[in-house]
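Trainee: I would like to go through the terms used for this structure. Let us take each one against its definition.

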Amino acid sequence: MIKLGSHVSMNGREMLLGSVEEALSYGASTFMVYTGAPQNTRRRPIEEMRIEDAKRRMREVGIDPADVVVHAPYIINLANPDPNKRDFAVSFLSEEVRRAEAIGASDIVLHPGSHVKQGVEEGIAYVIDSLNRVVEKTPGMQVRIALETMSGKGTELGRSFEELRRMLEGVEARDRFSVCFDTCHTHDAGYDVRDDFEGVMETFDAVIGLEKLTVFHLNDSKNERGANKDRHANLGKGYIGFERIRELVHDPRYAHIPKILETPYVTRDETAKKREFPPYKEEIEMLREGRYDDAFIERIRRRHLKE
């Protein structure tokens, strides 16, 4: 079975159980969650997350908790030059690792950080030191920290496979780390994901090693290759295109890797700014069937407005 899903929410009384049900409503076989809002540090205790109820439901429908992906919040910056803020990031990421371990997830995805104009060399050194400290604070944990490929906007670290390799080579417990390959980010960073995906993956294998690839984020891009902007687009609505992502999803070499959609919510109409409707049911269906419907955005609007 293709391990295909999307980002889902986790809030209210249902918590992780609600996440499972949302994923099932999209026809997903895996999913990704933040353990709380990605922009802040407010978190419910592990005991209130309804993890055992969620695992029971996952067993009923054939979802392996190990295929669930957790995403660390955006506010974590392990490269922050301020030592107090870096200490906070280390402590909070350690707590997130414990939550991911409790869920049974194999990976927690992390944006490596931003060097905040101190320079790439110093920024990477801080990331390595911070990651080593997180491992020290979470002994015996099995969940991996998956460093995400980044678009290179601003002072982001991880914009190239070489930068990620330096982080992976610098950490002490290397088996605790892996890589999340984001199609939009990698395209925006300048790699030819659309027309030379085989070449991109050969480069990834030569620089990092395919054995380190444990999560895909599936996103089209609103930007031309190399724009360094990170603006996700719905499938087939950007510069990567549906066909490339479809081929990735059905490639048997990556069948064991969870593939997560993070495409934008759909607006009520062309003029609306508020994004209201999740596109994942239709996008997952198109990817599974291998057929693109150019009018799927309008179908989503009609379905939700009718509901």
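Trainee: What makes the pair glutamate 60 and arginine 57 a salt bridge?

Mentor: The closest N and O atoms of glutamate 60 and arginine 57 are 3.1 Å apart. A salt bridge needs a side-chain nitrogen of Lys or Arg within 4 Å of a carboxyl oxygen of Asp or Glu. So the pair qualifies as a salt bridge. The structure holds 29 salt bridges.

Trainee: Where do glutamate 60 and arginine 57 lie?

Mentor: Both are in helix H2 (residues 51-61), three residues apart, about one turn of the helix. Helices here are DSSP runs of H or I with at least four residues, strands are E runs of at least two, and both are numbered from the N terminus. The model is predicted: local features need pLDDT of at least 70, side-chain atom pairs count only at pLDDT 80 or more, and totals for chains, interfaces and linings use all residues. Residues are numbered from 1 along each chain as its sequence is written, and side-chain values use heavy atoms, with hydrogens and water left out.

Trainee: Why is H4 called oblique to H5?

Mentor: The axes of H4 and helix H5 (residues 161-170) cross at roughly 40 degrees and come within 9 Å. That angle makes H4 oblique to H5. Angles under 35 degrees count as roughly parallel, over 145 as roughly antiparallel, 65 to 115 as roughly perpendicular, and the rest as oblique. Axes are lines fitted to C-alpha atoms, for helices over the stretch in contact, with angles from 0 to 180 degrees between N-to-C directions.

Trainee: Which residues make the contact of H4 and H5?

Mentor: H4 gives Val120, Glu121, Ile124, Val127, Ile128 and Asn132; H5 gives Glu163, Arg166, Met167 and Gly170. Contact means heavy atoms within 4.5 Å.

Trainee: What makes H9 oblique to H10?

Mentor: Helix H9 (residues 280-289) and helix H10 (residues 296-306) pack at about 140 degrees, their axes 9 Å apart. By that angle, H9 is oblique to H10. In the contact, Lys281, Glu282, Glu283, Glu285 and Met286 of H9 meet Phe296, Arg299, Ile300 and Arg303 of H10.

Trainee: How do you know that E4 and E5 pair?

Mentor: Four bridges join strand E4 (residues 107-110) to strand E5 (residues 144-148), and the two run parallel. Pairing takes at least two bridges found by DSSP. So E4 and E5 pair. Aspartate 107 has arginine 144 in E5 as its bridge partner.

Trainee: Which barrel do these strands belong to?

Mentor: A closed barrel of eight strands, E1-E2-E3-E4-E5-E6-E7-E10, with parallel pairing. Neighbouring strands of this sheet are turned by 30 degrees against each other on average, direction ignored.
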